[in-house]
Amino acid sequence: MPAWLQERLEAAGGRVPFRTYMEWVLHDPEHGAYGSGRLRIGPDGDFATSPSLGPEFAALLAPQLAEWLEQIEGGVSLVETGPGEGQLALQLAEALAAGWPGLAERCTLVLVEPSPGLAERQRRRLAGAPLPVRWASFEDLAAEPVRGVVLAHEVLDALAIERIVWDGSLWRRQDVALHPQVAGPLLLQLEPGDALTPEELAVLKPGGALAEVLGPEDPRFPDGRRPVGWCTELHPGLAPWLGACGAALAEGRLLVIDYAHEARRYYAPQRSAGTLMAYRAQQATDDPLREPGHWDLTAHVCLESLEAAATAAGWRSLGGRRQGEALLALGLAERLHGLQQGPAAELAALLARREALLRLVDPVTLGDFRWIAFARGPRAGEAALPRFLQDPEPVGAAPAA
Ligand SMILES: C[S@@+](CC[C@H](N)C(=O)[O-])C[C@H]1O[C@@H](n2cnc3c(N)ncnc32)[C@H](O)[C@@H]1O
């Protein structure tokens, strides 16, 4: 139990909702795993993400972003929220400058990063980037909204979630509480807290906002028929984030890439502890109380909740699919095929690139990530089907006669 956390909990009366705890241990500027800049992203750090495996991910994503940016005339912005180590931002800047020099001349990279420690690392990494780069908050951007594309790669899974528990008759918020022991140190523990208010439940119940989106035949979000102690997550941070993001963008697209499930999988009876996981030093645990402020905590996004919150915030949904399928539509198979033609002297490098490409589409890990696109602005209604949602070209096929 770190002293800072004990002090905070005592000041709060000995317990706080899980969402407050998650906000503190991830985003507190001094003690949070992200806020302090303590977490390291990459195969040698705490956890790996797609861009941290090398430049292949950005190379495949760049044509999609370029297509969207080219649809807008004049100065455009590529906004990356939660850029972590800044790897993806740099790789995309390099890919756009090399492949779309005309577009790159009128494109600015804007990074939205709440963690001062991470922003400092991003500044160092992007010092020589081939595009102009600036850092801004959503509030800064709302004062002068930009036109272009917002990218949110593994950001929504870091928003603090509410955990709720069924106690046999009521849905209760899960709290993190100090546990006084007769002897020995104070411990942290998870305990049922206040019951959800009728307003909070109304969103989820048949006839409520989420139920309306799901439609009558969809399984409803947890009704009373769950065993005592069954626990899951709600995403109260999604709507404010989508609203703030929307206020920052006058016209363009939002691409969310993240861990996500459909409501029927998310809230299936057998998923009795939700999706919350903690990561550190390439280790994973489902115990969110371990070494607070040193582990990444992450929860999947519920796809229907995301769609509902985005629509309410003025976004038009363009659809989504799994990363494996999205990357195939963007030419992953051609890239793999191309590696076979590489020079034998570079065999080790070619095999490493092949390995990275295959990891991006591995159906049980990164390939299961979801890509979801949204549009906003005066021409959002005319938005065409994004390239990543189209059918992939056949690879190695003989040219048409
Ligand atoms: C899991 S990391 C992902 C980093 C990077 N996008 C990657 O995939 O390698 C989450 C990132 O989101 C940032 N973040 C957390 N809350 C945020 C918010 N409300 N708005 C923007 N970024 C946020 C974190 O500081 C961190 O940079």
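Tutor: Two strands pair if DSSP finds at least two bridges between them. Keep that in mind for the sheet. The model is predicted.

Student: How many helices and strands does the secondary structure of the protein come to?
Tutor: There are 15 helices and 17 strands.

Student: Which strands form the open sheet, and in what order?
Tutor: Strands of a sheet pair through backbone hydrogen bonds, either parallel or antiparallel. Here 7 strands make an open sheet, ordered 4-3-2-5-10-17-16. The pairing is mixed. At the edges are strand 4 (133-135) and strand 16 (316-322), each pairing on one side only. From one strand to the next, the twist averages 20 degrees.

Student: Which helix packs on the sheet, and which strands does it touch?
Tutor: Helix 4 (residues 87-99) packs there. It touches strand 2 (76-81), strand 3 (107-112) and strand 5. The direction of helix 4 makes about 175 degrees with that of strand 3.

Student: In which sense do strand 5 and strand 10 pair?
Tutor: Strand 5 (residues 146-153) and strand 10 are parallel, over 8 bridges. Find V150 and look across: it stands opposite L254 in strand 10.

Student: And in which sense do strand 10 and strand 17 pair?
Tutor: Those two run antiparallel, over 7 bridges. D258 has R370 of strand 17 as its bridge partner. I257 has W371 of strand 17 as its partner.

Student: How many residues of strand 10 are buried?
Tutor: Strand 10 (residues 249-258) is mostly covered, with 8 of its 10 residues buried.

Student: Which residues is A373 in contact with, leaving aside its neighbours within four places in sequence?
Tutor: The contacts are R253, L255, L318, G319, G320 and P386. For scale, take I72: A373 and I72 are 301 residues apart in sequence, and their C-alpha atoms are 17 Å apart in space.

Student: Is E23 buried or partly exposed?
Tutor: E23 has 18 other C-beta atoms within 10 Å, so it is partly exposed. E23 sits in helix 2 (residues 18-27). Its C-alpha is 8.6 Å from that of I161, although 138 residues separate them in sequence.

Student: Which non-glycine residues deserve a look for phi?
Tutor: Most residues other than glycine have a negative phi. E154 has a positive phi of about 55 degrees. E291 also has a positive phi, of about 35 degrees.

Student: Where does E154 lie?
Tutor: E154 is in the loop between strand 5 and strand 6 (162-166). E154 counts as buried because 21 C-beta neighbours fall inside 10 Å.

Student: Where is the place of E291?
Tutor: E291 belongs to the loop between strand 13 (283-285) and strand 14 (296-298). With 14 C-beta neighbours inside 10 Å, E291 counts as partly exposed.

Student: Which residues come nearest the ligand?
Tutor: Of 19 residues around the ligand, Y34, T49, G82, G84 and E154 come nearest. The shell divides into 10 nonpolar, 7 polar and 2 charged residues.

Student: Which residues of helix 12 are buried?
Tutor: They are L303, E304, S305, L306, A308, A309 and A310. That is 7 of the 10 residues in helix 12 (residues 303-312), so read the helix as mostly covered. After helix 12 comes G314, with a positive phi near 90 degrees.

Student: How do I read the whole protein?
Tutor: Start with the radius of gyration. A compact globule of 401 residues would have one near 21 Å. The protein has 22 Å, which agrees. Along the principal axes, the C-alpha atoms fill a box of roughly 75 × 50 × 45 Å. Burial applies to 42% of the 401 residues.

Student: What share of the contacts do residues 24 or more positions apart account for?
Tutor: They account for 76% of the contacts with a separation of 6 or more.

How values were computed:
Residues are numbered from 1 along each chain as its sequence is written. This is a predicted model: local features need pLDDT of at least 70, side-chain atom pairs count only at pLDDT 80 or more; totals for chains, interfaces and linings use all residues. A residue is near a molecule or strand if its C-beta atom, placed from the backbone, lies within 6 Å of it. Ala, Val, Leu, Ile, Met, Phe, Trp, Tyr, Cys and Pro count as nonpolar, Asp, Glu, Lys and Arg as charged, and the others, Gly among them, as polar. A residue is buried if 20 or more other C-beta atoms lie within 10 Å of its own, exposed if 12 or fewer, and partly exposed in between; C-beta atoms are placed from the backbone. Helices (H or I, at least four residues) and strands (E, at least two) are DSSP runs, numbered from the N terminus. Two residues are in contact if their C-beta atoms, placed from the backbone, lie within 7 Å. The radius of gyration is taken over C-alpha atoms; the globule rule is 2.2 Å times the number of residues to the power 0.38. Axes are lines fitted to C-alpha atoms, for helices over the stretch in contact, and angles run from 0 to 180 degrees between N-to-C directions.
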